[in-house]
Amino acid sequence: MLLTHATLATMNGPMGTEGYGLIPDAAVVIEGDRIAWAGPMAELPTAFRSLPEHDVAGRLVTPGLIDCHTHAVFAGHRAVEFELRLQGASYEEIARAGGGILSTVTATRAASEDDLLARALPRVDQLIASGATTIEVKSGYGLTVEDELKMLRAARRIGRSRPVTVRTTHLAAHAIPPEFKGRATAYIAEVAISSLRAAHAEGLVDAVDAFCETIAFSTDDLAPLFAEARALGLPVKLHAEQLTDQGGAAFAARHGALSADHLEYLSPEGVAAMAAAGTVAVILPGAFYTLRESQLPPIAALREAGVAMAVATDLNPGSSPLASLTLAMNMACTLFRLTPEEALLGTTVHAARALGLADRGRIAPSLRADLAIWDADHPAELSYRIGATPLHSRIFGGSLDA
Ligand code: DI6
Ligand code: FE
């Protein structure tokens, strides 16, 4: 396929830097599921000129967007907690009273794998409609070996049911279920590590995540889990410094984590540790917004230290019922003061890094032909609009969406 007359945001800046990498009046050559060539129309090699042409009439074309942090598989909803928080209850208070994540655990345990898939697909369709071609999906609402496996199987089936790549993350260390109350060490050994081994044996795990927080797990609790991930050859990531500073990001960085996520309470030491390890900072403005948080993640310090920042939805029923990547980008700009260029790098180049994927996130020869075509002529438009997503169409693995 030959895409013509595109306003191309390649995300390859000048001389190996990162940035929009804009090329006006550009062409993209796609062979199979890969990009074969991209550049100005005027420089299109003659060999490609007879390919079947798809004229995008000047529209903006970007890499397909990547949502590198979602909890898209779950049952039930938590609208009643939303009402309680508006009346003054905090996220922590609701969690300590047995609500929060644990109320979604009850609903998710009661659901079948088919049911979980059926409930996830409409959410995934919304992410796709906001330009996503790759999404990460975490477990973490099962909290038994069988229920964690059920969630991961449902997550894998999303990728067979929709034109989207799904990367699965094992997050059994998300909360301590009532039957293990006060026994975090036993829970990690008997459920988190056991379910990780079983899920890995079934090919269901691309990465291992955990929630490091006073209402969840300490770094000491998590050390054996991360050691197991290493033994299995799996990369780790961590929900860190979302509500308090537990030194989670530095702990994750010491384990060579792909990413540390949330980071509102990240310390200068945490920033330095992430910079040294090359750990991506995944910022989640949907959770900041929903919880009406006032502590901002240290964006200027991360930028200064050269830590790559990714932007994701954190799509989940409690802290971030957000199913639009372009709205996440808007919030990252308005709430966290990212530039629209940083926001787009955050859902392309840096999101790919946060998932350990080297074959996508930019438009360049040999990378996957995952593209988003927008009714827009400047990439800042993707972050600027609120609610309305200007997606025109997508190309997924070389195929145009029907
Ligand atoms: N932090 C979050 O924001 C999500 N998980 C986590 O560890 C929220 C999950 C939920 O409230 O259901
Ligand atoms: Fe999360």
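Start by selecting Val307, which touches Val271, Met274, Ala275, Thr279, Ala281 and Leu302, leaving out residues up to four places away in sequence; contact here means heavy atoms within 4.5 Å. What you have open is a predicted model, in which local features need pLDDT of at least 70 and side-chain atom pairs count only at pLDDT 80 or more, while totals for chains, interfaces and linings use all residues. Residues are numbered from 1 along each chain as its sequence is written, chains are lettered from A and ligands numbered from 1 in the order in which they are written, and side-chain values use heavy atoms, with hydrogens and water left out.

**Stop 1: around Val307**

Val307 belongs to the loop between α11 (299-305) and β13 (309-311). Helices (H or I, at least four residues) and strands (E, at least two) are DSSP runs, numbered from the N terminus. Val307 counts as buried because its relative accessibility is 5%. The classes are buried for under 20% relative accessible area, exposed for over 50% and partly exposed in between, with a 1.4 Å probe and protein chains only.

**Stop 2: helix α11**

Next, select Ala300, which sits in helix α11. Is Ala300 buried or exposed? Ala300 counts as exposed, because its relative accessibility is 54%.

**Stop 3: ligand 1**

Now centre the view on ligand 1. Which residues come nearest to ligand 1? Of the 14 residues around it, those are Arg78, Tyr91, Tyr141, His174 and Ser319; a residue is near a molecule if one of its heavy atoms lies within 4 Å of it.

- Arg78 places a polar side-chain atom 2.8 Å from an oxygen atom of ligand 1.
- His174 has a side-chain N or O atom 2.8 Å from a nitrogen atom of the ligand.
- Gln242 brings a polar side-chain atom to 2.8 Å from a nitrogen atom of ligand 1.

On its own, ligand 1 exposes 320 Å², and the protein buries 100% of that. Accessible areas come from the Shrake-Rupley method with a 1.4 Å probe. The space that ligand 1 takes is the largest cavity. A cavity is a set of points, on a 1 Å grid over the protein atoms alone, where a 1.4 Å probe fits but cannot get out, and a molecule sits in one if more than half of its atoms lie within 2 Å of its grid points.

**Stop 4: two positive phi angles**

Switch to a backbone view and select Met15, a residue other than glycine with a positive phi near 50°. Met15 lies in the loop between β1 (2-9) and β2 (22-31), and counts as exposed because its relative accessibility is 84%. Then go to Leu143, whose phi is also positive, at about 60°, although Leu143 is not a glycine. Leu143 is in the loop between β7 (132-138) and α5 (145-161). At 0% relative accessibility, Leu143 counts as buried.

**Stop 5: Arg360**

Select Arg360, in the loop between α14 (349-354) and β14 (371-374). Arg360 is buried, since its relative accessible area is 10%. Its side chain makes a polar contact of 2.9 Å with the side chain of Thr134, and another of 2.8 Å with the side chain of Asp359. A polar contact is a pair of N or O atoms within 3.5 Å; within protein, one must be able to donate a hydrogen and the other to accept it, and residues adjacent in sequence count only if both atoms are side-chain atoms. Beyond four places in sequence, the contacts of Arg360 include Ile66, Thr165 and Asp370.

**Stop 6: Ser324**

Finish at Ser324, in the loop between β13 and α12 (325-336). Ser324 counts as buried, with 12% relative accessibility. The side chains of Ser324 and Thr326 are joined by a polar contact of 3.2 Å, and a polar side-chain atom of Ser324 lies 3.0 Å from the backbone nitrogen of Leu327. Leaving aside neighbours within four places in sequence, Ser324 is in contact with Leu127, Ser130, Thr313 and Thr389.

Key: On a 1 Å grid over the protein atoms alone, a cavity is a set of points where a 1.4 Å probe fits but cannot get out, and a pocket is an open set with protein on both sides within 12 Å along at least five of seven lines; lining residues have an atom within 4 Å of a point.
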